[in-house]
Amino acid sequence: MRIAAFQMKAVAADQAANLARIEKAAREASAGGAELLVAPELALPGYGSGDDMRNLAEPPGGEVVAKLTLISLEVRIAILAGFAEAAEGSTYNSAVFADGRKEPVIYRKSHLYGDYERDLFAAEPPSACIVEHGGLRIGILICYDVEFPENVRRLAQAGAELVAVPTALPASDHAELIARKMIPVRAFENQVFVAYANHCGADNLFSYAGLSAIAAPDGNLLAEADETSETLLFADIRPQDFAASAAANPYLRDLRL
């Protein structure tokens with residue numbers, strides 16, 4: 001399967017503008033042969049929406065998920081994108097997997113990062129959220145979740161072949177370490193692909209690191225973005241191409257607890 005990761009300059013608190021950006025990226029990704037588009041964490045409301053976030057939050061059956069599902073159906077590409085979810089009396093930092101032919105699947109972030117997120121969102125207990133698309137088993141995490149090795153291992157043990165990670169990695173002195181070293185290690189130590197789609201640019205609250213990437217099971221990067229540019233990354237996900245890597249590094253088979 002060919003996938004695309006969208007490094008995006010979202011507009012804080014402008015859900016309509018961000019939906020239009022994702023639709024444009026979905027059309028470009030589909031034209032490039034991709035069957036899945038991964039957009040960043042809170043791509044729809046904009047990560048830096050601050051106090052507006054709760055007003056932008058919608059239920060899973062709300063307008064923004066419905067529009068994303070229609071785009072998926074029309075463009076013929078599955079879309080994973082972050083949104084603010086209003087459910088059960090709380091607001092969640094969530095991602096929706098929209099495939100116009102099926103019911104949307106919602107994943108809620110389990111590991112909230114910093115006071116900003118903890119003030120806005122409720123945390124969901126860790127889980128193994130896996131969807132099947134085009135014969136590929138895709139696990140979902142959001143940003144800080146992937147920095148805990150237990151979360152990726154849980155998905156790998158549940159049979160995920162690709163872990164898709166919408167993220168909002170801020171610019172910092174350790175951002176490159178996370179994006180360029182930790183993400184390939186997560187792929188290698190679990191023998192899975194990892195698609196890491198970040199924001200770029202800045203809003204009124206945050207500057208973002210960019211550095212989106214798609215890592216292979218052997219730890220190499222199949223595609224990578226720079227720190228500043230909105231861009232679309234493509235990679236072909238063929239697990240069978242990495243059978244030798246899995247045989248040489250059988251971490252899942254040899255794990256003892």
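Student: In which strand is Val131 found?

Tutor: Val131 is found in strand β6. Strands here are DSSP runs of E with at least two residues, helices are runs of H or I with at least four residues, and both are numbered from the N terminus. The model is predicted, so local features need pLDDT of at least 70 and side-chain atom pairs count only at pLDDT 80 or more, while totals for chains, interfaces and linings use all residues. Residues are numbered from 1 along each chain as its sequence is written, and side-chain values use heavy atoms, with hydrogens and water left out.

Student: Why is Val131 called buried?

Tutor: Buried means under 20% relative accessible area, exposed means over 50%, and partly exposed lies in between, with a 1.4 Å probe and protein chains only. Val131 has 7% relative accessibility and therefore counts as buried.

Student: Which residues does Val131 touch, not counting those up to four places away in sequence?

Tutor: Val131 touches Phe97, Val105, Leu136, Arg137 and Ile138 on that count, where contact means heavy atoms within 4.5 Å. Phe97 is 34 residues apart from Val131 along the chain, and their C-alpha atoms are separated by 8.2 Å.

Student: What makes β6 an edge strand?

Tutor: The open sheet has 6 strands in the order β6-β7-β8-β9-β10-β11, with mixed pairing. β6 (130-133) and β11 (221-224) each have a single partner strand, so one side of each is left without a neighbour in the sheet. Two strands pair if DSSP finds at least two bridges between them.

Student: How do you know that β7 and β8 pair?

Tutor: Strand β7 (residues 136-140) is joined to strand β8 (residues 162-166) by 3 bridges. The definition asks for at least two bridges, so the two strands count as a pair. They run parallel, and Ile140 has Ala164 as its bridge partner in β8.

Student: Is Ala13 buried or partly exposed?

Tutor: Its relative accessible area is 34%, so Ala13 is partly exposed.

Student: What is the phi of Gln191, and why is Gln191 called buried?

Tutor: Gln191, which is not a glycine, has a positive phi of about 55°. Gln191 lies in the loop between α6 and β9. With a relative accessible area of 17%, Gln191 is therefore buried.
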